[in-house]
Amino acid sequence: MKTDIYIISGFLGAGKTTLIDRLLREVFDPRETVVIENDFGEVSLDTSLIRSGGFAVKELSAGCICCSLTGDFQAAILEVLREFSPKQILIEPSGVGKLSDIESACRSAKIADMAQIRRKITVADVVRCRMYLDNFGEFYEDQIRHAHVILLSRTEQNPDKVSRAKTLLTAMAPKAQLFAGAWKSLDLSSLLGGSAAHAADCHEDGCHHDHPHEHHHHDGECDHDHSAHEAFDTVTLSLSRTVTRQELEAAFRAAEADRPGSILRAKGVVSTPKGPATVQYLPGELNLTPCTLQPGSLCLIGSNLHEQELKRIFGKE
């Protein structure tokens, strides 16, 4: 029996890891599940959090899944299939990866003998979807257009933004199922295709709906012009000193005001007066959560980032 592949896509900070954590807790058996987590940047915080739940994690830290990494990515999946023979693989691509590239790699002949794409889910932040589309159209559109399912995030906190986001995303992906309700009442079975009408169109070898602008790759070939490495920057700061929430908020405000590039996402583990805490930052939103991970680094992801200026603002040591 073939392994099912679920691809959980979405732009930086949309909520992919939150969704995967819930699927691992409520749906999938850890003895039958492998997570392949592919991050853009040097701090792999998400893997540490997932690994703590006892699931097998195959981490690809060489950056984003794109043309230069197709071979490595396929090798990673093949290694997982041979070593674990899992019932399902959950793939969490980099937030700036193209869903079409991941799909293409998963459909390669070697993998298709052992595994099939069961569902492509894209998590979309209702607050930032217009901003991401305007600023990073090619990457953002690809994640939306190639999804079977679009799951809106931050809907409960921003009910006034839901209608506009639905209109925008439905125009890009009219065939995709769209889930816009509260996550706490989310029917995970429908999301995964268990009882969804859309799943009736899926055959054993996965879904093959035609999407506008869809590209099909062959092994070893690349038919797109831009990789995420060209469009996005990462700066990893070593931050060994203890910092307060107020200091971090002030640093991010200064970075937004001085514009040493555009910070789209930041994550890491820092030392606070109350102990280690994970940092999750999106424009205008900072979350600190107590943790037991080793503090000392902060990874900034964005465009046109100026490393020296950011080091000065965040007070590197």
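**The sheet and its surroundings**

Mentor: Strand 9 (residues 262–272) and strand 12 (residues 297–303) run antiparallel and are joined by 7 bridges. One of the links pairs K267 with C299 in strand 12. The model is predicted, so local features need pLDDT of at least 70 and side-chain atom pairs count only at pLDDT 80 or more, while totals for chains, interfaces and linings use all residues. Residues are numbered from 1 along each chain as its sequence is written, and side-chain values use heavy atoms, with hydrogens and water left out. Helices (H or I, at least four residues) and strands (E, at least two) are DSSP runs numbered from the N terminus; two strands pair if DSSP finds at least two bridges between them.

The sheet is open and has 5 strands in the order 8-12-9-10-11, with antiparallel pairing. Strand 8 (233–238) and strand 11 (285–290) are at its edges, each with a single partner strand, so one side of each has no neighbour in the sheet. On average, neighbouring strands of this sheet are turned by 15° against each other, direction ignored. Helix 12 (residues 307–314) lies across strand 8, strand 9 and strand 12, and runs at about 40° to strand 8. Such angles run from 0 to 180 degrees between N-to-C directions, with axes fitted as lines to C-alpha atoms, for helices over the stretch in contact; contact means heavy atoms within 4.5 Å.

Next come the charged pairs. The whole structure has 16 salt bridges, each a side-chain nitrogen of Lys or Arg within 4 Å of a carboxyl oxygen of Asp or Glu. One network of salt bridges links D125, R128, R154 and E285.

Two of the individual pairs sit within a helix. In helix 11 (residues 245–258), E249 and R245 are 4 residues apart, about one turn of the helix, and their side chains meet in a salt bridge at 3.0 Å, N to O. E249 is partly exposed at 26% relative accessibility, as is R245 at 33%. Here buried means under 20% relative accessible area, exposed over 50%, and partly exposed in between (1.4 Å probe, protein chains only). In helix 1 (residues 16–26), E26 and R22 are likewise 4 residues apart, about one turn, and the closest N and O atoms of their salt bridge are 2.9 Å apart. E26 is partly exposed at 47% relative accessibility, whereas R22 is buried at 13%.

Another pair bridges E103 and K120 at 3.1 Å, N to O. This pair links distant parts of the chain, with E103 in helix 4 (residues 99–106) and K120 in strand 5, 17 residues apart. E103 is buried, with a relative accessible area of 6%, and K120 is buried at 2% relative accessibility.

The buried residues of helix 8 (residues 162–172) are V162, A165, L168, L169 and M172. Down the helix axis they fall within an arc of 135°, so they line one face of helix 8; the arc is that of the directions from the helix axis to the C-beta atoms. The face turned away from the buried side of helix 8 carries the exposed residues S163, R164, T167 and A171. Covering the buried residues of helix 8 are, among others, strand 5 (115–125), helix 6 (129–135), helix 7 (137–145), strand 6 (149–153) and strand 7 (177–179).
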